[in-house]
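Here is a briefing on one protein chain. Look over the sequence and the structure, then read the points below.

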Amino acid sequence: MAFEIAVKAAADAPNVIGDCPFSQRVLLTLEEKNIPYSTHLIDVSNKPQWFLEVNPEGKVPVLKYDDKWVPDSDVIVGIIEEKYPDTPLATPSEFASVGSKIFGTFVSFLKSKDQNDGTEQALLVELKALDEHLKAHGPYVAGEKVTAVDLGLAPKLFHLSITLGHFKNWTIPENLEHVHNYIKLLFARESFEKTKPAKEHVIAGWAPKVNP
């Protein structure tokens, strides 16, 4: 039985996958487990009626499971793991929150117009913490094998790398070598290549948030 998954379409190209890291996280999970699925691309600025009827909040991603559409990438990933325990991806509980503050600090820095407001420093603190963790436990968060926490971080680090480079001419410091190695490993995975949005769609998706 193939899952059906509704994900964000690109803002300027409704027939290709868009820039939602939470949608990509679910697609990565399905790909890593080799689970068949069909994709509905949703234009979030002009949501189709059928989508709003099955999902009144209109958020993506949503997964069709037991004839119900289920929102929230955390819930969806949990359902997939429970239903398809082969190729286990569950992260050991002691590592499940590694890197959890990176996305929030990244967004604050990306939107910041004040060089001295501490947002860059806050992001660097989180990236350094990830680097230290990977140095001790890597190459992935839980060791040799990719797990759910990596599949959640990979799209966020992709957005971080593209948008901070584009809008702020900023890159992750070279001395965070374990983070750089981690990013290379994640972005080289076949599942990532198959599910990543194009760089220009990531930039287009973030532009209105950076310069409202």
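How do the axes of H1 and H3 cross, and within what distance do they come? They come within 10 Å and cross at roughly 5°. This is a predicted model: local features need pLDDT of at least 70, side-chain atom pairs count only at pLDDT 80 or more, and totals for chains, interfaces and linings use all residues. Residues are numbered from 1 along each chain as its sequence is written, and side-chain values use heavy atoms, with hydrogens and water left out.

**Helix pair H1 and H3**
- Helices (H or I, at least four residues) and strands (E, at least two) are DSSP runs, numbered from the N terminus.
- Axes are lines fitted to C-alpha atoms, for helices over the stretch in contact, and angles run from 0 to 180 degrees between N-to-C directions.
- H1 and H3 are therefore roughly parallel to each other. Angles under 35 degrees count as roughly parallel, over 145 as roughly antiparallel, 65 to 115 as roughly perpendicular and the rest as oblique.
- From H1, Phe 22, Arg 25, Val 26, Thr 29 and Leu 30 meet Ser 73, Asp 74, Ile 76, Val 77 and Ile 80 of H3. Contact means heavy atoms within 4.5 Å.
- The contact of H1 with H3 has 6 nonpolar, 2 polar and 2 charged residues. Ala, Val, Leu, Ile, Met, Phe, Trp, Tyr, Cys and Pro count as nonpolar, Asp, Glu, Lys and Arg as charged, and the others, Gly among them, as polar.

**Helix pair H5 and H7**
- The axes of H5 (residues 119–137) and H7 (residues 177–188) come within 7 Å and cross at roughly 80°.
- H5 is therefore roughly perpendicular to H7.
- H5 brings Leu 127, Leu 130, Asp 131, Leu 134 and Lys 135 to the contact, and H7 brings Glu 177, His 178, Val 179 and Tyr 182.
- By class, the contact of H5 with H7 has 5 nonpolar, 1 polar and 3 charged residues.

**Domains**
- The protein chain is divided into domain 1 (3–83) and domain 2 (93–210). These bounds come from an automatic or database domain assignment.
- The contact takes 18 residues from domain 1 and 20 residues from domain 2.
- The C-alpha centres of the two domains lie 22 Å apart.

**The largest pocket**
- The largest pocket has a volume of about 290 Å³.
- On a 1 Å grid over the protein atoms alone, a pocket is an open set of points where a 1.4 Å probe fits, with protein on both sides within 12 Å along at least five of seven lines. Lining residues have an atom within 4 Å of a point.
- Grid points are joined across faces, edges and corners, and a volume is the space filled by probe spheres set on the points.
- Its lining has 14 residues, of which Arg 25, Ala 96, Val 149, Gly 152 and Lys 156 lie nearest the centre.
- H1 (21–32), H3 (73–83) and H6 (148–168) each give two or more residues to this lining. H6 gives the most, with 5 residues.
- Domain 1 and domain 2 both give residues to the lining, so the pocket lies between them.

**Backbone details**
- A cis peptide bond joins Val 60 and Pro 61, with omega about 0°. Pro 61 lies in the loop between H2 (49–54) and E4 (62–65).
- Another cis peptide bond joins Gly 138 and Pro 139, with omega about 15°.
- Asn 34 is not a glycine, yet has a positive phi of about 55°.
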